[in-house]
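Hi,

Here is the structure I promised to pass along.

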Amino acid sequence: MDEVKSPVMVCGEFTSEERHKLSQKPEIHLLSPAQSVRRPAVLAELAWARWQAGDMDDEATLAPIYLHVAEPIPA
């Protein structure tokens, strides 16, 4: 988590302990558990809301970063 230096939106199926640790870093905007399920429609809904608000990224440089937590997140 120390590598996170700029604002980032995080969604995923985390344990309550992992969610708590992730939420401690101000740069991490942790989405609700309902918005963090593995369903393309949920991500599409988030993107639609951003687009309607005029909040867009350069599609040429936009790329998701997939994380895999093999072990619990350290304290």
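Leaving aside residues up to four places away in sequence, Val8 touches Glu27, Ile28 and His29; a contact here means heavy atoms within 4.5 Å. Before you zoom in, note that this is a predicted model, where local features need pLDDT of at least 70 and side-chain atom pairs count only at pLDDT 80 or more, while totals for chains, interfaces and linings use all residues. Residues are numbered from 1 along each chain as its sequence is written, and side-chain values use heavy atoms, with hydrogens and water left out.

Back to Val8, which is found in strand E1 (residues 8-10). Helices and strands are DSSP runs numbered from the N terminus, with at least four residues (H or I) for a helix and at least two (E) for a strand. The C-alpha atoms of Val8 and His29 are separated by 6.0 Å, although the two residues are 21 apart along the chain. Val8 counts as partly exposed because its relative accessible area is 31%. The cut-offs there are under 20% for buried, over 50% for exposed, and partly exposed in between (1.4 Å probe, protein chains only).

Met9 lies in strand E1 too. At a relative accessible area of 44%, Met9 is partly exposed.

Now the overall picture. The protein has two helices and two strands, and from the N terminus on they run β-α-β-α. Of its 75 residues, 19% count as buried. Among contacts between residues at least 6 apart in sequence, 35% join residues at least 24 apart. The protein exposes about 6400 Å², and carbon and sulfur atoms supply 58% of that; accessible areas come from the Shrake-Rupley method with a 1.4 Å probe, and for residues only the protein chains shown count as cover.

Which residues of H1 are buried? They are Glu18, Arg19, Lys21 and Leu22. These residues sit on the same side of H1, because they cover an arc of only 165 degrees around the axis (the arc is that of the directions from the helix axis to the C-beta atoms). The buried residues of H1 pack against strand E2 (28-30).

The side chain of Lys21 makes a polar contact with the side chain of Glu17 at 2.8 Å. A polar contact is a pair of N or O atoms within 3.5 Å; within protein, one must be able to donate a hydrogen and the other to accept it, and residues adjacent in sequence count only if both atoms are side-chain atoms. The pair also meets in a salt bridge (2.8 Å, N to O), meaning a side-chain nitrogen of Lys or Arg within 4 Å of a carboxyl oxygen of Asp or Glu. Lys21 and Glu17 both lie in H1, four residues apart, about one turn of the helix. An α-helix has 3.6 residues a turn, so residues three or four places apart point the same way. Glu17 is partly exposed, at 46% relative accessible area.

How many salt bridges are there by this rule? The count comes to five. One of them joins Arg38 and Glu13, with the closest N and O atoms 2.9 Å apart. That pair links distant parts of the chain, 25 residues apart: Arg38 is in the loop between E2 and H2, and Glu13 in the loop between E1 and H1. Arg38 is exposed at 72% relative accessible area, whereas Glu13 is partly exposed at 48%.

Lys25 and Glu27 also meet through their side chains in a salt bridge (3.7 Å, N to O). Lys25 is buried at 18% relative accessible area, and Glu27 is partly exposed at 25%. Salt bridges that share partners join Arg50, Asp55 and Asp57 into one network.

Last item, the surface. Trp48, Trp51 and Met56 make a nonpolar patch of about 400 Å². Patches are made of residues with over 30% relative accessible area and no salt bridge, with like charges joined within 9 Å and nonpolar side chains (Val, Leu, Ile, Met, Phe, Trp, Tyr) within 5 Å. Trp48 lies in helix H2 (residues 40-52) and is partly exposed, at 48% relative accessibility.

Cheers
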